[in-house]
Amino acid sequence: GGRPPRPVAMADVEETLKRINSHKGVIGALIVNSQGIPIRSTLSEDDTYAHAALITQLAAKARRIVTELDKDDDLCFLRIRSNKHEILVAPDKDYLLICIQSAASAADS
């Protein structure tokens, strides 16, 4: 992209993370930039960096797969479910919003 990333109001980011984190079963949420660098997180530092690095790679690969299958399409949401957790990924042009919740509470929703 040729355009510089648009500025994000950090107060809005904090508010969004706080709101997400208040939902039942949410373990944590983080926002990473397009390079996979965490901007904000409610997880521990170790968990933040592990999730940021791995999920950024997976989301990038998922986006490539979607556009390779149909060049006029793009990834708008990614959901990963394991026995213990559900990871929700909402990609934007410049950022990824990642939410980790317990699989048990995800089944209730």
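**Close-up 1. Arginine 79 is an exposed residue, with a relative accessible area of 52%.** Keep in mind while looking around that this is a predicted model. Arginine 79 pairs up with glutamate 86 in a salt bridge, and their closest N and O atoms sit 2.6 Å apart.

**Close-up 2. Arginine 63 and aspartate 74 form a salt bridge.** The gap between the closest N and O atoms is 2.9 Å. Arginine 63 belongs to helix 2, which covers residues 45-69, while aspartate 74 is in the loop between helix 2 and strand 3 (78-81), so the pair ties together parts that are 11 residues apart in sequence. What about exposure? Arginine 63 is partly exposed, at 27% relative accessible area, and aspartate 74 also counts as partly exposed, at 40%.

**Close-up 3. Lysine 93 and aspartate 94 meet through their side chains in a salt bridge.** The N to O distance in this pair is 3.4 Å. Aspartate 94 counts as buried, with a relative accessibility of 10%. Lysine 93, on the other hand, is partly exposed, with a relative accessible area of 44%.

**Close-up 4. Stepping back, the structure holds four salt bridges.** Among them are the arginine 79 and glutamate 86 pair, the arginine 63 and aspartate 74 pair, and the lysine 93 and aspartate 94 pair.

Terms used. Residues numbered from 1 in each chain as written. Predicted model: local features only at pLDDT ≥ 70, side-chain atom pairs only at ≥ 80, totals over all residues. Heavy atoms only, no water. Helix = DSSP H or I, 4+ residues; strand = E, 2+ residues; numbered from the N terminus. Buried < 20%, exposed > 50% of the residue type's maximum accessible area, 1.4 Å probe, protein only.
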